[in-house]
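Biologist: I would like to go through this structure with you, one question at a time. Please show it first.

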Amino acid sequence: MPFHQAKRHYDKIRPLFIILALVLAGAVFIIFDDLPYNQRIVFSTMVLAGTLWITDAIPLFVTSMLIPLVIVLFGVLGPKEALNPFFDPIIVLFLGSLLIARGLRKLELDTRCANLLLPRIHSTKLLLFTLIASTAFLSMWMANTAAAAIMLPIGLAVLRKFKTENYGKAVVLGIAYGTSIGGIGTLVGTPPNALAAGILERATGTGISFLEWLFYGLPIMVILIGVCYFLLILIYKPEKGYVKIASPKKKPLDRKSKAFITIFFVTILLWLTEPLHNIPNSIVALGAGILLFLSGILDEKDINTLGWSVLILFGGGLVLGEAVTKTGFAETIVGSIQGIVDGNNFPILLVSLIVIIVGLGAFVSNTAVAAIIIPLVIPLSQAINIESKLLAITVAIAVSFDFLLPIGTPPNAMAYNTGYVKIREMVWIGALLTVLAIAVLWVFVLVVR
């Protein structure tokens with residue numbers, strides 16, 4: 001069925017999913033009548049939001065706006081408590097990172113770096129590794145779609161240098177997968193990372209600093225870059241061992257580019273040294289955003305291009321986490337699973353959790369999956385005596401293992417649309433990479449536990 005026909009068919013059944021969400025939410029409220037009123041409302045709201053997010057019956061950010069509406073109207077939280085999370089420090093941090101990514105893209109410094117680096121590499125194998133690693137590096141600081149939009153044209157320009165089939169598949173898949181892998185590396189790399197930090201802060205009072213995230217995310221990112229590279233080289237061995245890329249004409253950096261580079265590196269330095277100066281990451285990001293506007297790098301038009309829907313989706317997830325904690329529903333969950341879940345079975349529980357999350361992430365927005373699961377794993381961690389931070393980070397990282405289908409992420413779809421790779425090939429390679437990524441994450445968590 002063509003895409004436009006499938007979309008029309010899905011639009012016709014959207015109302016059924018909305019009705020299903022309302023019915024399930026109402027059923028939960030009625031069935032669990034032994035819970036306190038506020039906890040029943042929170043449980044029903046979680047089911048309502050989760051169903052709407054999973055089915056995409058209404059836009060994801062609209063569901064997030066619905067959460068505080070329900071929470072306030074049914075008297076669970078006051079309006080200040082319910083709306084405060086929409087400008088939580090973690091949202092400010094992510095807003096600042098979006099502004100930085102916008103400046104990087106606007107000045108074309110990302111493309112400049114790639115064009116300066118790639119002509120120096122003549123081995124096709126090393127070039128593939130460089131494309132994957134460069135894409136991952138960009139994705140540490142900007143949206144994966146933007147990183148793919150930068151790197152795919154560069155990769156396709158390389159492929160036009162010689163006729164190839166295997167190498168073409170490796171290049172386009174490597175760039176697509178590099179975006180998902182790179183987002184794991186930093187706290188601002190992808191929305192679920194920051195969302196995990198925000199929900200954790202509100203639930204336990206203990207957040208995740210930029211430096212702390214690097215401790216968990218960066219090693220996994222580096223390992224998966226290597227895994228992705230060797231997997232693609234093994235299956236799609238390059239037809240040629242040598243390629244020559246012409247160096248583009250060098251342009252001197254202008255004043256704005258120099259100003260941006262200064263702001264960028266000072267921001268990263270301050271994020272990494274937060275324990276020394278105690279300036280919150282969010283305030284550093286806010287200051288960086290202000291400087292980008294004052295220096296003339298960004299203007300009013302740029303603010304309108306940001307992913308506000310993602311920030312609103314963030315807010316809804318934080319409100320849900322706040323309600324779970326404030327009403328005591330978290331303690332109820334702990335009490336319910338305390339006797340069922342045994343901390344000694346943590347390895348089995350962990351791999352089951354990761355597989356479920358990866359499965360959901362293949363069909364549902366990664367941020368939505370994180371918003372549903374993270375408020376639940378925090379009380380789960382308390383029940384099995386595992387650090388809440390570790391499980392929250394595990395969820396955020398696992399939702400990025402979206403390698404299987406073209407619909408999984410926009411970069412996957414962009415790679416498929418190049419014509420170099422067929423769906424069955426993407427599913428085959430994506431399945432192998434997913435299994436290996438799950439194994440890497442599982443072993444890593446067990447080691448650092």
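Biologist: Which residues make the nonpolar surface patch of about 540 Å²?

Modeller: Keep in mind that this is a predicted model. A residue needs over 30% relative accessible area to be part of a patch. Leucine 291 has 44% and so counts as partly exposed; this residue is found in helix α14, residues 281–294. The patch is made by Ile279, Ile283, Leu286, Ile290, Leu291 and Leu294.

Biologist: How many helices and how many strands are in the protein chain?

Modeller: Helices here are runs of at least four residues, and strands are runs of at least two. Counted in this way, the protein chain has 22 helices and zero strands.

Biologist: What is the radius of gyration of the protein chain, and what does the globule rule give for 449 residues?

Modeller: Along the principal axes, the C-alpha atoms fill a box of roughly 70 × 50 × 50 Å. The globule rule gives 22 Å for 449 residues, and the chain is close to that, so it is as compact as a globular protein of that length. The radius of gyration of the protein chain is 22 Å.

Biologist: What percentage of the 449 residues count as buried?

Modeller: A residue is buried when its relative accessible area is under 20%. The chain still exposes about 19,800 Å², with carbon and sulfur atoms supplying 68% of that area. Of the 449 residues, the share that counts as buried is 54%.

Biologist: Which residues is leucine 232 in contact with, leaving aside its neighbours within four places in sequence?

Modeller: Leucine 232 is one of the residues with the most contacts inside the largest nonpolar core. A contact requires heavy atoms within 4.5 Å. With the neighbours left aside, the partners of leucine 232 are Leu128, Ile132, Ala170, Leu173, Gly174, Lys237 and Ile429.

Biologist: Which helices do the buried residues of α20 pack against?

Modeller: Helix α20 covers residues 388–398 and is mostly covered, since 11 of its 11 residues are buried, under the 20% cut-off. Among them are Leu390, Leu391, Ile393 and Val395. The buried residues of α20 pack against α10, α11, α18, α19 and α22.

Biologist: Is valine 399 buried or exposed?

Modeller: Valine 399 has its place in the loop between α20 and α21. Not counting residues up to four places away in sequence, valine 399 touches Pro192, Ile357, Asn366, Val369 and Ala370. At 1% relative accessibility, valine 399 counts as buried.

Biologist: How far apart in space are valine 399 and valine 355, C-alpha to C-alpha?

Modeller: In sequence, valine 399 and valine 355 are 44 residues apart. In space, C-alpha to C-alpha, the distance between valine 399 and valine 355 is 9.7 Å.

Biologist: Which residue forms a salt bridge with lysine 326?

Modeller: Side chains of opposite charge can pair when their charged atoms come close. A salt bridge needs a nitrogen and an oxygen within 4 Å, and for this pair the closest N and O atoms are 3.3 Å apart. The pair links distant parts of the chain, 245 residues apart, with lysine 326 in helix α16 and its partner in helix α4. The residue that forms the salt bridge with lysine 326 is glutamate 81.

Biologist: Which residues are linked with Glu81 and Lys326 in a network of salt bridges?

Modeller: A search of the whole structure finds nine salt bridges. In the network, Glu81 and Lys326 are linked with Asp88, Arg202 and Glu322.

Biologist: Which residue meets glutamate 212 in a salt bridge?

Modeller: The N to O distance in this salt bridge is 2.8 Å. Glutamate 212 lies in helix α11 and its partner in helix α20, 177 residues apart.

Note on methods. Residues are numbered from 1 along each chain as its sequence is written. This is a predicted model: local features need pLDDT of at least 70, side-chain atom pairs count only at pLDDT 80 or more; totals for chains, interfaces and linings use all residues. Side-chain values use heavy atoms; hydrogens and water are left out. Patches are made of residues with over 30% relative accessible area and no salt bridge: like charges are joined within 9 Å, nonpolar side chains (Val, Leu, Ile, Met, Phe, Trp, Tyr) within 5 Å. Accessible areas come from the Shrake-Rupley method with a 1.4 Å probe; for residues, only the protein chains shown count as cover. A salt bridge is a side-chain nitrogen of Lys or Arg within 4 Å of a carboxyl oxygen of Asp or Glu. Buried means under 20% relative accessible area, exposed over 50%, partly exposed in between (1.4 Å probe, protein chains only). The radius of gyration is taken over C-alpha atoms; the globule rule is 2.2 Å times the number of residues to the power 0.38. A nonpolar core is a set of buried Ala, Val, Leu, Ile, Met, Phe, Trp, Tyr and Cys residues joined through side-chain atoms within 4.5 Å.
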